[in-house]
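Subject: Structure handover

Hello,

Here is the structure for you to look over. My notes on it follow below.

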Amino acid sequence: MYAVQKTDAEWKQQLTPEQYKVLRKQGTERAFTGKYWDLKAAGTYHCAACGQPLFSSETKFDSGTGWPSFWQPLTPNAVDHREDKGWFMTRTEVVCSRCGSHLGHVFDDGPPPTGLRYCMNSVALDFRPK
């Protein structure tokens, strides 16, 4: 159970259609189209659905993929991981640990020190500058 729970109708009312598609229906925005993929400002990235802090700009890096990428979450408990067997492959889905909203996926081809690449959708994030 997640701390923040809403009906589908409540999520649809709160979120934009694109946010709803990604956050609640596990969609993906097109590469190089999101507002944060190339953002270099200092601050914190929060869940666009519930506002929970998720990632710091200090762990953001240019992965060349066209999506905001981070080598670790802000805290170990900020996100949950789920097995995703869609698109004819097995991946690890990343969801907000507070509301269960889909954020993106994590891969093991990131930089040191973790070797991870948290590949997130811009529309799933809300950037708050320092």
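**R91 and its surroundings**

Leaving out residues up to four places away in sequence, R91 touches R82, E83, D84, H105 and F107. Contact here means heavy atoms within 4.5 Å. R91 lies in strand β6. Strands (E, at least two residues) and helices (H or I, at least four) are DSSP runs, numbered from the N terminus. R91 is buried, with a relative accessible area of 18%. Buried means under 20% relative accessible area, exposed means over 50%, and partly exposed is in between (1.4 Å probe, protein chains only).

Before you read on, a word on the source. This is a predicted model, where local features need pLDDT of at least 70 and side-chain atom pairs count only at pLDDT 80 or more, while totals for chains, interfaces and linings use all residues. Residues are numbered from 1 along each chain as its sequence is written, and side-chain values use heavy atoms, with hydrogens and water left out.

**The sheet**

In what order do the strands of the open sheet run? Six strands form it, in the order β3-β4-β8-β7-β6-β5, and the pairing is antiparallel. Two strands pair if DSSP finds at least two bridges between them. The edge strands are β3 (60-61) and β5 (79-84), and each pairs on one side only. Strands β7 and β8 pair in the antiparallel sense over four bridges. V106 has Y118, in β8, as its bridge partner.

S69 is in strand β4 (residues 69-70). S69 counts as buried, at 0% relative accessibility. Not counting residues up to four places away in sequence, S69 touches T59, K60, F61, S63, R117, Y118 and C119.

**Aromatic rings**

The structure holds seven aromatic pairs. Rings of Phe, Tyr and Trp (its six-membered ring) pair if their centres lie within 6.5 Å; planes under 30 degrees apart count as stacked, over 60 as edge-to-face and the rest as tilted.

Take Y36 and F127. Their ring centres are 6.2 Å apart and their planes are at 55°, so the pair is tilted. This pair links distant parts of the chain, 91 residues apart. Y36 is in the loop between α2 (17-24) and β1 (43-47), and F127 is in strand β9 (residues 125-129). Y36 and F127 are both buried.

Now F55 and Y118. The ring centres of F55 and Y118 are 5.7 Å apart, with the planes at 55°, so this pair is tilted. It also links distant parts of the chain: F55 is in strand β2 (residues 53-56) and Y118 in strand β8 (residues 117-120), 63 residues apart. F55 is buried, with a relative accessible area of 0%. Y118 is buried too, with a relative accessible area of 5%.

Ring pairs link Y36, Y45, F55, F70, Y118 and F127 into a cluster.

There is also a charge to look at. The charged end of K6 sits over the ring of W11, 5.1 Å from its centre. That label needs NZ of Lys or CZ of Arg within 6 Å of the ring centre and within 35 degrees of the ring normal.

In soluble globular proteins, nonpolar side chains tend to be buried together. The largest nonpolar core here has 28 residues. Such a core is a set of buried Ala, Val, Leu, Ile, Met, Phe, Trp, Tyr and Cys residues joined through side-chain atoms within 4.5 Å. The residues with the most contacts inside it are L54, F55, V79, C99, L103, Y118 and M120. At least two core residues each come from α2, β1, β2, β6 (91-96), β7, β8 and β9. The largest share, three residues, comes from α2.

Leaving aside neighbours within four places in sequence, L54 is in contact with Y45, H46, C47, P73, L74, A78, V79, C96, L103 and L125.

The buried residues of α2 are Q19, Y20, V22 and L23. They pack against α1 (8-14) and β7 (102-107). Just after α2, Q26 takes a positive phi of about 60°.

**Cysteines**

How many disulfides are there? The count is zero, where a disulfide is a pair of cysteine sulfur atoms within 2.5 Å. C50 is in no disulfide, and the nearest cysteine sulfur, that of C96, is 3.6 Å away. C50 is buried, with a relative accessible area of 16%. For C99, the closest cysteine sulfur is in C47, 3.7 Å away, too far for a bond. C99 counts as buried, at 3% relative accessibility.

Best wishes
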